[in-house]
Amino acid sequence: MLSRVAERLYWSARYLERVENIARLVSVYDDLMYDLPRDIAVSWYNLVEINSGVEQFDQRYKVKDEHNVLKFLLADDTNPGSLLSSLKMVRENIRTTRDVVPGEMWELINELDLYAQHNIKQGINRSVRHAYLNTIIEGCQKIIGLLTGTMDRHAGWHFIMMGRFLERADMNTRTLDAANFQMLHSQEEEDVRLGQVVWSKVLKSQSAYLSFRRTMRCSITGAAVVTFMLTDPCFPRSQRYCLEQIKIAAATLPRFGIIAATVDKLLQHTQGVKKSEELNQQFSDYLNEVQLGMIALHHQITENWFHFRQEDAA
């Protein structure tokens, strides 16, 4: 496989996962606003911070309100991480690799892209936002389902898996960090009421609520949710599971040793917490270290396979 084809497949998977994660995050945050008591203030601007878009947002917008945040996250073509920008990149990467993916994928990504563009105002306006975001999530899952059911398990598939799970693991840490930040900056008397809502929304943002109940068999607390989302070996959106899948995919490709070693270090560093009091600034620093580790892993993947000049090596 040509290294440029492998790179485009890797990035198409990352961008597709990013589209789904943005839709999930906005949808659950929208629910959070309705469920929180009125005397507890939560800013939409937190979503910009989660996605590391503070500098870009501040250059474009003066008011940090709901409308501007959603426009930035969903529709802004100057934001490379926005939903529409990410969909555009999925479409472009698949357009140039159509000969190695199922033919129906090109049709599905075009349908999803057109729907997202033509109905973007529904995502920004509050009244029909939930339906719009659900359609986006279902569209992403439909594409992944097509790939899972019909794509050959050759090198291209494994690059798609690496991209998909690396993006998912990155968003997982950002979501946990955002919830931890919210709890750290709440008033002491708000902690109990806020915690019950925030940590349940974290689970729902990852479709993890029922899996958490079945696996942990305990009440929803910050410590239990964090431990589950970081260390559970079976749930497909947990940190440990995502890293294991990256390692499995890499092991099928040439020169995978350095990637496996980095993933092993990240797995050794993946740990839960025993009590909610441990969810403090030190835990936030830990999540930041994990994010930096995944950035380093991405660079290693790029250097190992995509910048390799012998085009038939992959």
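Biologist: At roughly what angle do the axes of helix H5 (residues 83-95) and helix H6 (residues 103-118) cross?
Modeller: They cross at roughly 160 degrees and come within 10 Å. The axes are lines fitted to C-alpha atoms, for helices over the stretch in contact, with angles from 0 to 180 degrees between N-to-C directions. Bear in mind that this is a predicted model: local features need pLDDT of at least 70, side-chain atom pairs count only at pLDDT 80 or more, and totals for chains, interfaces and linings use all residues. Residues are numbered from 1 along each chain as its sequence is written, and side-chain values use heavy atoms, with hydrogens and water left out.

Biologist: Why are H5 and H6 called roughly antiparallel?
Modeller: Check the cut-offs: under 35 degrees is roughly parallel, over 145 roughly antiparallel, 65 to 115 roughly perpendicular, and the rest oblique. The pair sits at roughly 160 degrees, so H5 and H6 are roughly antiparallel to each other. The crossing is left-handed, meaning the near helix is turned anticlockwise from the far one by less than a right angle (clockwise would be right-handed).

Biologist: Which residues of H5 meet H6?
Modeller: Leu83, Leu84, Leu87, Lys88, Val90, Arg91, Ile94 and Arg95 do, against Met105, Trp106, Ile109, Asn110, Leu112, Asp113, Ala116 and Gln117 in H6. By class, that contact has 10 nonpolar, two polar and four charged residues. Contact here is heavy atoms within 4.5 Å; nonpolar is Ala, Val, Leu, Ile, Met, Phe, Trp, Tyr, Cys and Pro, charged is Asp, Glu, Lys and Arg, and the others, Gly among them, are polar.

Biologist: What makes H1 largely enclosed?
Modeller: Buried is under 20% relative accessible area, exposed over 50%, partly exposed in between (1.4 Å probe, protein chains only). In H1, 25 of the 33 residues are buried, so the rest of the structure largely encloses this helix.

Biologist: What span is expected for helix H1 (residues 3-35)?
Modeller: The rule is 1.5 Å times one less than the number of residues. For the 33 residues of H1 that gives 48 Å, and the helix reaches 48 Å from its first C-alpha to its last.

Biologist: Where do the axes of H1 and helix H9 (residues 155-184) come in, and at roughly what angle do they cross?
Modeller: They come within 7 Å and cross at roughly 35 degrees. H1 passes H9 in a right-handed crossing. By class, their contact has 10 nonpolar, four polar and six charged residues.

Biologist: Why does Met183 count as buried?
Modeller: Met183, in helix H9, has 16% relative accessibility, so the residue counts as buried.

Biologist: And why does Ser238 count as buried?
Modeller: Relative accessibility is 0%, so Ser238 is buried. Ser238 is in the loop between helix H12 (222-231) and H13. Beyond neighbours within four places in sequence, Ser238 is in contact with Asn172, Phe228, Met229 and Asp232.

Biologist: What makes Ser207 partly exposed?
Modeller: The value is 46%, so Ser207 counts as partly exposed. Ser207 belongs to the loop between helix H10 (191-205) and helix H11 (209-216), and has a positive phi of about 55 degrees although it is not a glycine.

Biologist: Why does Arg255 count as partly exposed?
Modeller: At 33% relative accessibility, Arg255 also lands in that class. Arg255 lies in the loop between helix H13 (239-250) and helix H14 (257-269), and its phi is near 55 degrees, positive in a residue other than glycine.

Terms used: Helices (H or I, at least four residues) and strands (E, at least two) are DSSP runs, numbered from the N terminus.
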